[in-house]
Amino acid sequence: MAFAGVLTEADITAALAACQAADSFKHKDFFAKVGLAAKSADEIKKAFAIIDQDKSGFIEEDELKLFLQNFSASARALTDAETKAFLQAGDSDGDGKIGVDEFAAMVKS
């Protein structure tokens, strides 16, 4: 598992179970349940690097859509509405993507 050493399997399972239904994903709730909100800045940067699949230094909309699948391959894709809301919540500079500092701020908010 990509998040081994950063997050526990039990926390990941519980967080994914809480947002199984379409349009039930809320990033603040997910970050708290999965344990990411309580992690150090370095651990949050490690999580960002895992989610940034193309290693561009940003999490783009297509990566956000598949966000939950970073935690479990069997997790669902986010709906278009969830993806747009997630991007809007994290994209503080309006460039259409989420940088590592924006991600860290979103996790800690």
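Guide: From the N terminus on, the elements run α-α-α-β-α-α-β-α. That is six helices and two strands. This is a predicted model, where local features need pLDDT of at least 70, side-chain atom pairs count only at pLDDT 80 or more, and totals for chains, interfaces and linings use all residues. Residues are numbered from 1 along each chain as its sequence is written, and side-chain values use heavy atoms, with hydrogens and water left out.

Visitor: What makes a stretch a helix or a strand?

Guide: Both are DSSP runs, numbered from the N terminus: a helix is H or I over at least four residues, a strand is E over at least two.

Visitor: How do you know whether the radius of gyration agrees with a compact globule?

Guide: The radius is taken over C-alpha atoms, and the globule rule is 2.2 Å times the number of residues to the power 0.38. For 109 residues a compact globule would have a radius near 13 Å; the chain has 12 Å, so the two agree. The C-alpha trace spans about 35 × 30 × 25 Å along its principal axes.

Visitor: Why is phenylalanine 31 called buried?

Guide: Buried means under 20% relative accessible area, exposed means over 50%, and partly exposed is in between (1.4 Å probe, protein chains only). Phenylalanine 31 has 0%, so it counts as buried. Phenylalanine 86 has 1%, so it is buried too. Buried residues make up 40% of the 109 residues in the chain.

Visitor: What makes two rings an aromatic pair?

Guide: Rings of Phe, Tyr and Trp (its six-membered ring) pair if their centres lie within 6.5 Å. Planes under 30 degrees apart count as stacked, over 60 as edge-to-face, and the rest as tilted. The structure holds 12 such pairs.

Visitor: Which kind of pair do phenylalanine 30 and phenylalanine 71 form?

Guide: Their centres are 5.0 Å apart and their planes at 75°, so the pair is edge-to-face. Phenylalanine 30 lies in helix 2 (residues 27–34), and phenylalanine 71 in the loop between helix 4 (61–65) and helix 5 (80–90), so the pair ties together parts 41 residues apart in sequence. Both residues are buried.

Visitor: Why is the pair of phenylalanine 31 and phenylalanine 86 called tilted?

Guide: The ring centres are 6.2 Å apart and the planes stand at 55°, so the pair is tilted. Phenylalanine 31 lies in helix 2 and phenylalanine 86 in helix 5, so this pair ties together parts 55 residues apart in sequence. Phe30, Phe31, Phe71 and Phe86 are among the members of one aromatic cluster, which also includes Phe3 and Phe103.

Visitor: How do you know that the charge of lysine 97 sits over a ring?

Guide: The rule asks for NZ of Lys or CZ of Arg within 6 Å of the ring centre and within 35 degrees of the ring normal. The charged end of lysine 97 sits over the ring of phenylalanine 58, 4.3 Å from its centre.

Visitor: Where does leucine 78 lie, and what does it touch?

Guide: Leucine 78 lies in the loop between helix 4 and helix 5. At 1% relative accessible area, leucine 78 is buried. Contact means heavy atoms within 4.5 Å. Not counting residues up to four places away in sequence, leucine 78 touches Phe25, Leu64, Lys65, Phe67, Leu68, Thr83 and Phe86. The C-alpha atoms of leucine 78 and phenylalanine 25 are separated by 7.6 Å, though the residues are 53 apart along the chain.
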